[in-house]
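Hi there,

Here is the structure I promised to pass on. Please have a look at it first, and then read my notes below.

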Amino acid sequence: MKLFGFFCLLLAGAWLWAQTGGDSLVEGFRTVEVASVADAMEQLYGQRNYMSHEMRPLSKAKFAGPAVTVLLKKEEHKEGSAASQGMLDAIDAAPPGSVYVMVLEDGADFAGIGGLMATAMKYRGLAGAVIDGGVRDLPQIGKLQFPVFSRGVVPSTTINHYRFAGANISVTCAGARVNPGDMVTADEDGVAVVPKARAVEVLKKAQELDNTEHTMIPFIEKFHSIKEAVAKFGRI
């Protein structure tokens, strides 16, 4: 019995360590610059896994978290919201701290989310949303101060024009491949995606790049030369 209790404590400790480690990883990506993450992915793996320049924030925003993915396929029908129920289920099932990544097939002129969905995300504790399509209800989303990236703002709806095609599946969002649980990190420079298996190494490299760049700024201010700074620190 004592041995069983000790085993349970070990399991609990391992779970807590994993949770703390995951939280530290997310916090690291929340503080590092997205440009450094994009550079780290390219330097380490030769991959450019960041989203199109068209993916922009509705307001100043910075967040990071594991992806919850949703795919909507374009299809005209008369089934109403029942055909889109899965995108709502994905919100209600999303863990706090996650990033809702929605892809609308050919969806630039359709709003993937609006004020109601953004409210649900905010109060479920999601870190943010990235919509490969449009959004609407800007006044409500602005009041919520919930961070959203999208390709644009439109007044339209997906109801009767789209059908839910899957959640927590691999998707291509604004040119970047996103798998469930991948780290999605966003700031005013854009959105980058890091495969979860590479997140630790990419974060470490991105932090190194950040530190180098931040050290270069006072050097440039002092010596008035970016050429000398690049020669000394090897970063641009």
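D137 is partly exposed, because its relative accessible area is 28%. This residue sits in the loop between β5 and α5, and its phi is near 65°, a positive value in a residue other than glycine. Please keep in mind that this is a predicted model.

With a relative accessibility of 60%, D106 counts as exposed. A positive phi also turns up just after α4, where G125 takes a value of about 85°.

How many of the eight residues of strand β5 are buried? Eight of the eight, over residues 128-135, so the strand is largely enclosed by the rest of the structure.

Its pairings are these:

- Strand β3 (residues 99-104) runs parallel to β5 and is joined to it by five bridges. Within this pairing, M102 has I131 as its bridge partner.
- Strand β4 (residues 111-113) is also parallel to β5, with two bridges between them. Here I113 stands opposite V135.
- Strand β6 (residues 148-153) pairs with β5 in the parallel sense over five bridges. F149 of β6 is found opposite V130.

Between β5 and β6 comes helix α5 (residues 138-144), and the three together make a right-handed β-α-β unit.

Several of these residues return in the packing. The largest nonpolar core has 24 residues, and Y100, M102, I113, M121 and I131 are those with the most contacts inside it. At least two residues of this core come from each of β2 (63-74), α3 (85-93), β3, α4 (115-124), β5 and α5. Apart from this core lies another, of 21 residues, including A61, F63, V171 and A174.

M102 is a handy place to start if you want to explore the contacts. Not counting residues up to four places away in sequence, M102 touches V70, L72, M87, G112, I113, M117, V130, I131, D132 and C173.

Finally, a look at K62, in the loop between β1 (56-57) and β2. K62 counts as partly exposed, because its relative accessibility is 38%. Its side chain reaches the backbone oxygen of V32 at 2.6 Å. Leaving aside neighbours within four places in sequence, K62 is in contact with F29, R30, T31, V32, E33, V34, A186 and D187. K62 and G190 are 128 residues apart in sequence, yet their C-alpha atoms are 9.5 Å apart in space.

Happy browsing, and do write back with any thoughts.

Best wishes

Notes:
Residues are numbered from 1 along each chain as its sequence is written. This is a predicted model: local features need pLDDT of at least 70, side-chain atom pairs count only at pLDDT 80 or more; totals for chains, interfaces and linings use all residues. Side-chain values use heavy atoms; hydrogens and water are left out. Buried means under 20% relative accessible area, exposed over 50%, partly exposed in between (1.4 Å probe, protein chains only). Helices (H or I, at least four residues) and strands (E, at least two) are DSSP runs, numbered from the N terminus. Two strands pair if DSSP finds at least two bridges between them. A crossover is right-handed if, with the strands pointing away from the viewer, the path from the first strand over the helix to the second runs clockwise. A nonpolar core is a set of buried Ala, Val, Leu, Ile, Met, Phe, Trp, Tyr and Cys residues joined through side-chain atoms within 4.5 Å. Contact means heavy atoms within 4.5 Å. A polar contact is a pair of N or O atoms within 3.5 Å; within protein, one must be able to donate a hydrogen and the other to accept it, and residues adjacent in sequence count only if both atoms are side-chain atoms.
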